[in-house]
Amino acid sequence: MFGWEFPPYISGGLGTACFGLTRHMSEQGMKILFVLPHIKGKTVQNSTLELLAGNKLDLSEAKIRKIVRNKTLKFFLVDSPLRPYMTDSSYLSKMEAIRSINDQITEITRKIKTVNTVLDLSGDYGRDLVGEVTRYAQVGNYLGATEDFDIIHAHDWMTFPAGVEAKRISGKKLIIHIHATEFDRCGENGNRQIIDVERYGMDNADRIIAVSHRTKKIIVEKYGQDPDKVTVIHNAVLKETKLEHVRLRKGFNEKIVLFLGRVTMQKGPDYFVEAANLVLKNMQNVRFVMAGTGDMLPRMIERIAELRIQEHFHFTGFLRGVELESMFSMSDLYVMPSVSEPFGITPFEAMLYGVPVIISRQSGISEVLSHVITVDFWDIEKLASGIINVLSHPELSETLVEMGHHDLEKISWHHAARKVIELYKEILS
Amino acid sequence: MVSVCFYFQVHQPVRLRTDYNFFCIGKDHNYEDSKSNREIIRKVADKCYIPANRTMLKLIRKHKGRFRISYSISGICLEQLELHAPEVIESFQELVSTGCVELLGETYCHSLAFNFSHREFREQVEAHREKIRKLFRVKPSVFRNTELIYSNDLAVEVEKMGFKAVLAEGANQILGWHSPNYLYQPAPCYKLNLLLRNYRLSDDLAFRFSDRNWDQWPLNAAKYAGWIHKVAGNGEVVNLFMDYETFGEHQWADTGIFEFLQELPGRMILTHPDFRFQTPSEVISSCQPVAKMDVPYFISWADVERDLTAWMGNSLQDSALQMAYSLETPVKKSGNTELLHTWRKLLTSDHFYYMCTKWFSDGDVHKYFNPYSSPYDAYVTYINVLNDIKETLKRLEVLN
């Protein structure tokens with residue numbers, strides 16, 4: 001399995017999803033080698049997982065050093081600055097070259113025989129994204145030749161060249177798993193080259209897993225894939241992680257409405273700000289928090305200042321660990337106004353903290369939650385009135401939390417993992 | 001006789017903790033980054049204040065009282081010096097005791113108070129007078145507002161408070177064809193005098209001294225004195241106003257700025273009998289205003305625009321300023337002197353300077369000792385702190 005990120009080094013929902021899925025698949029008897037571009041070169045400590053470091057992979061001796069051993073799940077870390085949600089324009093400008101990525105891969109993999117040093121993905125190619133993707137593909141090529149496996153499973157576009165390479169060398173079947181497309185991240189103004197890599201992955205895959213029906217629709221309509229090739233397997237949530245939570249003391253009395261996610265066009269932070277402004281015209285005992293960072297953050301901060309709602313709207317930057325948990329447990333309402341969300345795992349997390357949620361209709365998660373308030377992302381008036389209703393009617397808030405728990409009971413990684421395994425069996429038979 | 005009038009600004013803000021985040025609001029009332037404030041004041045003391053004061057004292061003694069200068073030292077800078085570099089206070093006391101050094105009045109916290117609250121402005125000027133009286137046993141009679149921010153209205157207010165003169169920028173937009181090298185009178189005033197900064201000659205030292213791309217580089221004392229001597233016959237006073245940090249901090253010691261300073265007074269007055277050094281108070285007693293100067297809008301000495309856009313005008317700055325001053329009434333109503341002092345320190349102009357988004361021509365100056373990586377970080381931190389003060393005011397039941 002080729003991934004991008006894994007707890008605790010995550011910047012988004014992809015790592016969380018891979019963690020939940022692989023954990024339950026291994027519990028159901030799957031042996032998984034999980035390959036990861038890894039930035040810190042540190043060991044990820046986890047009792048149930050097995051990790052391998054790609055930067056310790058010595059191609060000359062074909063030796064793999066295992067960092068953590070476990071019977072069923074192996075992890076493979078590749079030292080690289082690769083990040084799943086990169087929109088840095090300096091990288092994007094270099095994406096020109098990705099059109100010919102297949103040629104590059106072939107060329108570089110040919111060179112492999114002369115390159116006999118430790119695979120260091122932050123080496124030659126520096127911070128060049130194309131280079132990183134290509135070198136990651138090289139890892140796919142190497143593993144395809146040396147590892148023993150039955151199926152290849154690649155998560156999102158940056159791993160697709162690696163997956164395709166592994167398939168080319170090994171002749172094994174390839175499944176690609178779409179957690180988000182470029183159309184979700186950037187609307188119609190996506191990067192052509194990234195879209196090309198996505199299509200390249202889909203075209204070369206034997207099967208495609210989509211995290212929602214919404215995503216399947218995009219895969220079929222925008223990437224021209226055969227609907228029969230695409231299987232929908234919804235994401236889930238790891239329930240045992242957060243049931244034990246203490247309500248932290250807030251330094252103030254107002255209720256908290258939370259936006260938590262990347263502050264990018266995809267996540268609809270601007271709609272959250274405008275809705276907050278409408279709410280504050282009607283009620284004062286509320287504070288809004290925007291947790292996360294992204295290219296739209298400066299504009300959001302300026303907008304708050306312009307609207308003069310700085311006494312009721314706060315920015316925390318990117319949160320992790322204790323701060324992240326505190327943020328959820330302090331909140332009275334979670335809002336996910338995503339413009340386009342293939343799935344969106346954070347509402348689950350909010351619900352585990354007993355926080356009611358309002359989500360946009362344009363999200364895959366709305367397909368599996370029946371007891372949440374949904375609004376169109378652009379309908380800020382409806383969003384604002386939803387926020388006011390939940391905050392001013394405790395009984396509504398309680399009902400949402402209670403019914404939400406019923407929804408959650410039906411959603412588990414166990415089911416998702418079983419569906420993936422069934423799909424494997426179907427392909428291999 | 002032409003008077004050369006030196007005034008040096010001595011100021012360091014109290015910087016905030018850059019890690020003061022959302023989770024601190026209502027719980028953590030410790031806002032200041034005491035470590036970096038201490039380190040910066042120590043660094044500036046060692047690189048600038050101590051060696052520059054030593055040089056000034058030597059020059060005053062050498063020229064037997066003919067070298068005369070003035071300082072404006074902000075209240076919060078004095079506080080920080082008392083705490084972390086008391087020897088600097090002592091050396092300023094020694095300078096004042098020579099009788100050749102005048103201290104000017106300003107707002108205690110180097111604030112923009114005049115633009116937002118006249119009451120707060122008067123209180124801060126009074127607090128600053130008191131601080132100067134306590135430490136130096138003198139009463140300032142010449143005023144300079146934060147960053148030379150000035151207008152007709154300010155002049156009226158300053159005159160009411162008993163000052164005899166006020167300093168301002170000799171900005172092109174107010175001077176027109178006039179020369180900055182004369183004494184003026186603010187248009188609405190009859191007693192108050194106005195000294196205008198000669199920005200070309202001042203900035204030759206403050207900004208250009210070490211600039212190797214400048215066609216006049218390297219600048220020596222003889223050449224510079226020559227430029228000043230050209231004023232003879234068409235001016236009465238040359239006002240050289242600049243940050244004191246010019247000596248040793250903006251222009252490092254290795255640029256030769258201290259050697260330049262040591263040589264300058266001799267070159268200026270010994271080689272030309274018509275030139276002398278005077279402090280602002282001495283200038284107004286020996287010169288008469290030549291004309292009224294009408295300044296209906298605000299000017300300052302900052303950036304190329306010489307206006308207020310370094311501290312206000314973008315939405316971040318305006319919303320922060322508005323929120324800060326909106327807390328004045330409840331803070332004062334609380335009667336809590338410690339809280340009042342904490343709030344006052346948040347009015348220091350530097351906090352708003354850090355939120356400036358016009359990076360084009362003056363970005364480098366704005367980055368100087370700026371603790372934040374962006375104006376957005378500066379804003380978010382500052383607003384978090386104000387929100388905490390608001391919570392304190394609510395607990396004290398002076399705010400709903």
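Just after helix α3 of chain B, B:G99 takes a positive phi of about 80 degrees. This value, like every other one here, comes from a predicted model.

The buried residues of α3(B) are B:V88, B:I89, B:S91, B:F92, B:L95 and B:V96. Seen down the helix axis, these buried residues of α3(B) fall within an arc of 165 degrees, so they line one face of the helix. An α-helix has 3.6 residues a turn, so residues three or four places apart point the same way. On the other side of α3(B), B:E90 and B:S97 are exposed.

What do the buried residues of α3(B) pack against? Their contacts in chain B include three strands, β1 (2–10), β2 (69–73) and β3 (101–103). The buried residues of α3(B) also pack against the helices α1 (34–62), α2 (75–84) and α5 (118–136) of chain B.

Strand β5(A) is joined to β6(A), residues 173–178, by five bridges in the parallel sense. Within this pair, A:H153 has A:I175 in β6(A) as its bridge partner.

Further along chain A is strand β13, residues 357–360. In a regular strand the side chains alternate between the two faces of the sheet. In β13(A), A:V357 and A:I359 point one way, while A:I358 and A:S360 point the other way. Are these four residues buried or exposed? All are buried.

Three bridges join β13(A) to β12(A), residues 333–336, and the two run parallel. In this pairing, A:M336 stands opposite A:I359. Strand β12(A), helix α12(A) (residues 346–352) and β13(A) make a right-handed β-α-β unit. Three bridges also join β13(A) to β14(A), residues 373–375, again in parallel. Here A:I358 stands opposite A:I373 in β14(A).

Technical notes
Residues numbered from 1 in each chain as written. Chains lettered and ligands numbered in written order. Predicted model: local features only at pLDDT ≥ 70, side-chain atom pairs only at ≥ 80, totals over all residues. Heavy atoms only, no water. Buried < 20%, exposed > 50% of the residue type's maximum accessible area, 1.4 Å probe, protein only. Pairing = 2+ DSSP bridges. Right-handed = clockwise from strand over helix to strand, strands pointing away. Arc of directions from axis to C-beta. Contact = heavy atoms within 4.5 Å.
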